[in-house]
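Please consider the model shown below.

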Amino acid sequence: MRVSRETSSVSKAAPSSKTTLSKPPSRAELQTAIRSSSITRPTMMPERKPLPSNSSVPKIPATTTSKSSVVAQPRTTVQTNQPTSVSTGPPLILPDLRSQVPQKVRQITATKVYEQFLRIYEPLKDGKSLAGRDAAMQERKIHEDSVNQAGYKQIAAGVLGRLKKRTPAQNDADVGIDGEWVDGATRNMKNSIRKDLQQYIVTEEQLAEMNYPLPDALNVPQLHDSPIGSVQNCDRCKAQFTVKDILKKQDMEACRYHYGRLRKIKIHGEFERLYFCCNSPPESKGCTTGPHVYKAENVEDLAKRIPFVRADATHAEDKTPKEIIVFDCEMAYTTAGMELVRISAIDEHNEIIMDELVLPEHMIIDLNSRYSGIHTLQGAKYNLNDIQKMLSKYVDENTILAGHGLCNQTNDPTQMKVVHNKIVDTVSLYPHPNGLPYRYGLRFLANKYLRRFIQDSSEGHDSFEDAKTSFDLIKLKVEKGAHFGTH
Ligand SMILES: [Zn+2]
Ligand SMILES: [Zn+2]
């Protein structure tokens, strides 16, 4: 462990630690301090691990995320009251027997997160110590939010991806860990987004035309028989197949399909239709194999299997309605069709109000990883019902639900099985010149209007990134006016 006696930046960031700096230590004392203390630098002290009984470390509430306590924590830890800590360098992760995540994995994350904060805070006077502080907080939050190693890695990857997109801080207020930091455009936005958006709320006729769930979806009688054994048309290869609960090896390879869409390409001056995935012609054999899968063809069929609820159903006392909630969902194929497996939602301040994996009600056939970006549901804590309840705490009759993806049954309120009549959709804000059902993808719109490249990883979509991109497109429309983006 590296120990230095630079203390100036420590006291700047953590004035409380001054009390421990009464007399300069001798070399021998320092050595003792190093041996007797497990912490010498800004450090992640896993709160689940009990502190040594003779430690002078102040007890920190397990749930704390307050900045000051995190800063103070590693700097007052030496039992001999010797100054041993420095504020630079990545946070040091200690072994924690109770953690499901190996120390090494956590340390790698902490270091990568630190590197990003170092870059983001570079223009600031206290950039280095702020980077150490926020990297420690960020890693701890990732650890707190995850229940196992797979979940940890997934959350960490999301956080890192977002940190990488952050531009260097403009001023001292432009700081904060992922999930708490608010970008400048949002900070400056007047609190009138709801008023500004009234003219863009999708009308009731449009909702019907776009196959959005309407109030009558609430009254569809439920099917109680199992979908297992039913005959369905495959969503990929269009063949008929029988839904099974246990898939054998041959079932896992029963479907040959192209995962990409057909697109027109000009070859030697002539247009040809080729699959995007492998550049094969329409009549070609599929380039990919997998199980047959299906999805409900309309809202009514969906409602028969999993009931819809009102988005604002909860009237709890702790209800805190938002002006707008922008969300994005990822779906997977189950024995009952398609079901929600991840939801990300942000509010009018760009703050994450939800970013969760969701356990489907029925057995999974295919996680659709290529598109969902989800490879495991390990660590998922909630089912659809829990998510609906959580969401409805934030929704009253005036809350606008927004996102990208009108038309057909894959729009987000349909995926969440909620009915709501204040919808803003980037598909209708930036319509395709040919009209529906043609529409631009989020990736195209982000590229064209925000000059941002999203969904470019082979890992599939990141629903948080998609939600944020949708919101940026909505804000841009509000800023530029009704004619913007309508060709
Ligand atoms: Zn193909
Ligand atoms: Zn198939």
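In helix 4, the residues Val-105, Thr-109, Lys-112, Val-113, Gln-116 and Ile-120 meet Gln-149, Tyr-152, Ala-156, Val-159, Leu-160, Leu-163 and Lys-164 of helix 6. A contact here requires the C-beta atoms of two residues, placed from the backbone, to lie within 7 Å. Helices (H or I, at least four residues) and strands (E, at least two) are DSSP runs, numbered from the N terminus. By class, the contact of helix 4 with helix 6 comprises eight nonpolar, three polar and two charged residues. In this classification Ala, Val, Leu, Ile, Met, Phe, Trp, Tyr, Cys and Pro count as nonpolar, Asp, Glu, Lys and Arg as charged, and the others, Gly among them, as polar.

The model is predicted: local features need pLDDT of at least 70 and side-chain atom pairs count only at pLDDT 80 or more, whereas totals for chains, interfaces and linings use all residues. Residues are numbered from 1 along each chain as its sequence is written, and chains are lettered from A and ligands numbered from 1 in the order in which they are written.

Two packed helices are described by the angle between their axes and the distance between the axes. Axes are lines fitted to C-alpha atoms, for helices over the stretch in contact, and angles run from 0 to 180 degrees between N-to-C directions. Helix 4 (residues 103-120) packs against helix 6 at an angle of about 10 degrees, with the axes 10 Å apart. Helix 4 is therefore roughly parallel to helix 6; the classes are roughly parallel under 35 degrees, roughly antiparallel over 145, roughly perpendicular from 65 to 115, and oblique for the rest.

Helix 6 (residues 149-165) also packs with helix 5 (residues 127-145): their axes come within 9 Å and cross at roughly 140 degrees. This angle makes helix 5 oblique to helix 6. Here Gln-138, Ile-142, His-143 and Asp-145 of helix 5 meet Tyr-152, Ile-155, Ala-156 and Val-159 of helix 6. Five nonpolar, two polar and one charged residues form this contact of helix 5 with helix 6.

Helix 5 is mostly covered, with 15 of its 19 residues buried. A residue is buried if 20 or more other C-beta atoms lie within 10 Å of its own, exposed if 12 or fewer, and partly exposed in between, the C-beta atoms being placed from the backbone. In the protein as a whole, buried residues make up 39% of the 487 residues. The protein has 17 helices and 17 strands. Among its contacts between residues at least 6 apart in sequence, 70% join residues at least 24 apart.

The C-alpha atoms of Pro-168 and Ile-120 are separated by 4.1 Å, although the two residues are 48 apart along the chain. Pro-168 counts as exposed because it has 12 C-beta neighbours inside 10 Å.

Two further loop residues have a positive phi without being glycine. For His-268 the value is about 50 degrees, and this residue lies in the loop between strand 6 (262-267) and strand 7 (270-275). For Asn-368 phi is near 60 degrees, and Asn-368 is found in the loop between strand 13 (364-366) and helix 12 (369-372). His-268 counts as exposed because it has 5 C-beta neighbours inside 10 Å, whereas Asn-368, with 20, counts as buried.
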